[in-house]
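Thank you for making time for this.

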Amino acid sequence: MLANLYALGAIALWATLASLGVTLRHVPPFLLTGLALLIGSIPAWPRFAQWRVPPATLALGVYGLFGFHFLLFIALRHAPPVQANLVNYLWPLLMVVLAPVLLRGVQLAPLHVIAALVGFAGAAIAIAGGRTLEPGFAWGYLPAAGSAFIWASYSLLTQRVARFPTAAIGGFAAISGLLALLCHALLEPPATLSGQDWLLIALMGAGPLGGAFFLWDAALKRGDARSIGLLSFLTPLLSTLLLLLLRGDWPTPSIALAAVMIVGAALVGTRAR
């Protein structure tokens, strides 16, 4: 139960990312991510000594936090954003399906697979929001799929390596943030940030690109990866609802359907054994 609460805390923070991203869309994405990740690492600075982990664990952390964002930004540059985001949200489905492959002693019941497919369908409805998807193939879908695989495999493999303190996530975030800033210097034009920009970036670092990672790690250390993966389909739903709320719009029937599908899938799947 505690693991699911930690996971829901991370999901609630990730749901704010789209709204913050829309407000900060004028900020180059690698600059935004780099600064937010560095700010997100700050709560773990007092426990800097716990950042010392085996090189393989450190590589896994950077693979997850930096690799996920790097490929996602590449995807968003080379594919329609709605479809790229949809492909990226394969990661909760992959978490469920890959759990028995990457984790010892974990088995997949048919009900888990059915719940994951229903949850993904609900997420697709929430992300599309009734819009017509652009036909055809864009090569940006490949890095979007890669980012989904990276986050799913990172989340599962953190349970395969030697147990490390959650504070070590601060080290993963700090190194990933520096790499993102390097990508900004190499790939993006320089930008000037206002005081409001810095405030919103600080909020992003405290929440979806900071606190969420610590909560996510705490959840995975205590819970069932299959159940946590199913709960994760709530992220695009809550994100869409928050965007609608900020715009003063009412949820559409398609969002209501998505909510029923995702919550139903999570309730059924988390009870499967």
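Predicted model: local features only at pLDDT ≥ 70, side-chain atom pairs only at ≥ 80, totals over all residues.

Residues are numbered from 1 along each chain as its sequence is written, and side-chain values use heavy atoms, with hydrogens and water left out.

The protein has 13 helices and 0 strands, where helices (H or I, at least four residues) and strands (E, at least two) are DSSP runs, numbered from the N terminus. Its radius of gyration, taken over C-alpha atoms, is 18 Å, close to the 19 Å that the globule rule gives for 273 residues, so the protein is as compact as a globular protein of that length; that rule is 2.2 Å times the number of residues to the power 0.38. Along the principal axes, the C-alpha trace spans about 45 × 45 × 35 Å.

Buried residues make up 52% of the 273, and here buried means under 20% relative accessible area, exposed over 50%, and partly exposed in between, with a 1.4 Å probe and protein chains only.

Let us turn to the core. A nonpolar core is a set of buried Ala, Val, Leu, Ile, Met, Phe, Trp, Tyr and Cys residues joined through side-chain atoms within 4.5 Å, and the largest one has 72 residues, of which W91, M95, W151 and W216 touch the most other members. Helix α10, residues 195-222, gives the most to this core, with 10 residues. Leaving aside neighbours within four places in sequence, W91 is in contact (heavy atoms within 4.5 Å) with W14, A148, W151, A152, W216 and S232.

Now to the helices. In α5, residues 81-88, the buried residues are Q83, A84, L86, V87 and N88, and they pack against α4, α6, α7 and α8. Helix α4 also holds T57, which is buried with a relative accessible area of 3%; not counting residues up to four places away in sequence, T57 touches V161, F164 and F172.
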